[in-house]
Amino acid sequence: MDTIDERLYRYILDNSSKITENWLALREKQSGSIYSMDSDEEIEKLLREQNTLTIKTVTSALLEDKTAFIETMEQWAALVAKSRVESDTPIYEVLEALNKVRETYWGFITEYMLMDTKITKEIIIRWSRLINRAFDQLNREFTEQYYLLTKERLSAQQELINELGAPVIPIVDAIAVLPLIGEIDTYRAKEILNGTPSKCISKNITHLFIDLSGVSLLDTMVAQQIYQLISTLNLLGIQSTISGIRPEVAQTSIQLGLDFNQVSTHSTLKQALSKQGIKLYKNNDIRVQKMKKNQIR
C-alpha cells in the first residue's frame, strides 16, 4: 500500500510540467538574462528541462531511500552550475529563480493538501521540513559547484594572461624572444621571473632576447627583476640579450649594484637580432646570416 509521502511524490511528478509553466509565467523582461521572459526557444527548452530536473530532485526527498535525493541533487547541481557559468549568469539571479521555483512548488503542495482531508498538521509540518530542507540543500550544492567552476575558469584565464604577459617566442633554432609590453607591477614581475626559465628549458632555448621597448614604465624594481632573470638564465646556460632599455634606467640600476655591463644590450630588438646575424624582412621572413664562430651559442 502506498504511503502518503509516495502519493504526494507521484502527484508532484505528474504535475511537473504545470509547475514549470507556472514558474516560467513568473518571469519578467531582464535584458541579457537567461531568465528573461523574451528568451529564445533554445533557452526556453533548456529552462524547462532543467526545471523538470529541479522538481524531480526536490521531490525525491520524500522517498525513504535518501541516496536517490543525494545522487539526483549532485547531478542537478553540476548540470545547472555549468550551464549558468557558461551563460555568465550572476549567482543572485539563479538563487532568485530557485526561490520562485520553491514558491510555485509549494502552491501545488497546498492544492494537494486541500484535496485530501486526511492530511494532519503533523504531516504538513514534516513535509515542510523535508521540502524546505531539500531546497536549502540545492542552494548550497549549487553555490558550491558554481564557485568551483568560476574559480577554475578564473585560474585558466589567469594562466592565459600570464602566458600572454611573458611569452617566450622561438624564432630560429634555439633562439627566442621575450617581448614585454605594458606595465610591469610586482606580481607580473614575479611571474616573469618564475615562469620564463621553465619556458626556455621546455623549448630548448639557449639564447633569449629580452625586449623592453614596449614597457610603459621601467623602474628600478623591474630592472632588479630583469637582472635576477638574467642571472637565473645564465646559471641554466641560457645566454641573454636585452633590447629597449633606456640609458637612465641602466645608470640607476648600476647605482643599485645591478651591473648590466656583462649583458649584451641594444637600443632596439631589430638591432639586437641583426647583431647576431638574424635579419627580419618585410614579408616577416627570418633569415640567419653566416655566423662567426661562437657568435650564437
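Axes here are lines fitted to C-alpha atoms, for helices over the stretch in contact, and angles between them run from 0 to 180 degrees between N-to-C directions. By that convention, helix 7 (residues 186–202) runs at about 165° to strand 2 (175–182). The model is predicted. Its protein chain has 297 residues, of which 42% count as buried, and its secondary structure comes to ten helices and seven strands.

**The chain as a whole**

- The accessible surface of the protein chain comes to about 17300 Å². Carbon and sulfur atoms hold 53% of that surface.
- Among contacts with a separation of 6 or more, 70% are between residues 24 or more positions apart.

- Five strands make up an open sheet with mixed pairing, in the order 1-2-3-4-5.
- Strand 1 (169–172) and strand 5 form the edges, each pairing on one side only.
- On average, neighbouring strands of this sheet are turned by 25° against each other, direction ignored.
- Helix 7 lies across strand 2 and strand 3.

- Strand 4 spans residues 239–243, and five of its five residues are buried.
- In a regular strand, side chains alternate between the two faces of the sheet.
- Gln 239, Thr 241 and Ser 243 point one way from strand 4, while Ser 240 and Ile 242 point the other way. Residues of both sets are buried.
- Strand 3 (residues 207–215) runs parallel to strand 4 and is joined to it by five bridges. In this pairing, Leu 208 stands opposite Ser 240.
- Strand 5 (residues 264–266) also runs parallel to strand 4, with three bridges between them.

**Nonpolar cores**

- In soluble globular proteins, nonpolar side chains tend to be buried together.
- The largest nonpolar core of this model has 43 residues. Those with the most contacts inside it are Leu 8, Ile 12, Trp 76, Tyr 105, Ile 109, Trp 127 and Ile 131.
- At least two residues of this core come from each of helix 1 (4–14), helix 2 (16–25), helix 3 (41–59), helix 4 (66–86), helix 5 and helix 6 (121–165).
- Helix 5 supplies the largest share, ten residues.
- Leaving aside neighbours within four places in sequence, Ile 109 is in contact with Leu 8, Ile 12, Trp 127 and Ile 131.
- Another core, of 24 residues, lies apart from the largest one. Its members include Ile 192, Cys 200, Leu 208 and Ile 238.
- Leu 208 therefore belongs to a nonpolar core, a set made up of buried residues joined through side-chain atoms within 4.5 Å.

**Glu 93**

- Glu 93 is located in helix 5 (residues 91–115).
- Glu 93 counts as buried because its relative accessible area is 12%, and the cut-off for buried is under 20%.
- Not counting residues up to four places away in sequence, Glu 93 touches Gln 30, Ser 33 and Tyr 35.
- Ile 34 is 59 residues from Glu 93 along the chain, and the C-alpha atoms of these two residues are separated by 9.1 Å.

How values were computed:
Residues are numbered from 1 along each chain as its sequence is written. This is a predicted model: local features need pLDDT of at least 70, side-chain atom pairs count only at pLDDT 80 or more; totals for chains, interfaces and linings use all residues. Side-chain values use heavy atoms; hydrogens and water are left out. Buried means under 20% relative accessible area, exposed over 50%, partly exposed in between (1.4 Å probe, protein chains only). Helices (H or I, at least four residues) and strands (E, at least two) are DSSP runs, numbered from the N terminus. Two strands pair if DSSP finds at least two bridges between them. Contact means heavy atoms within 4.5 Å. Accessible areas come from the Shrake-Rupley method with a 1.4 Å probe; for residues, only the protein chains shown count as cover.
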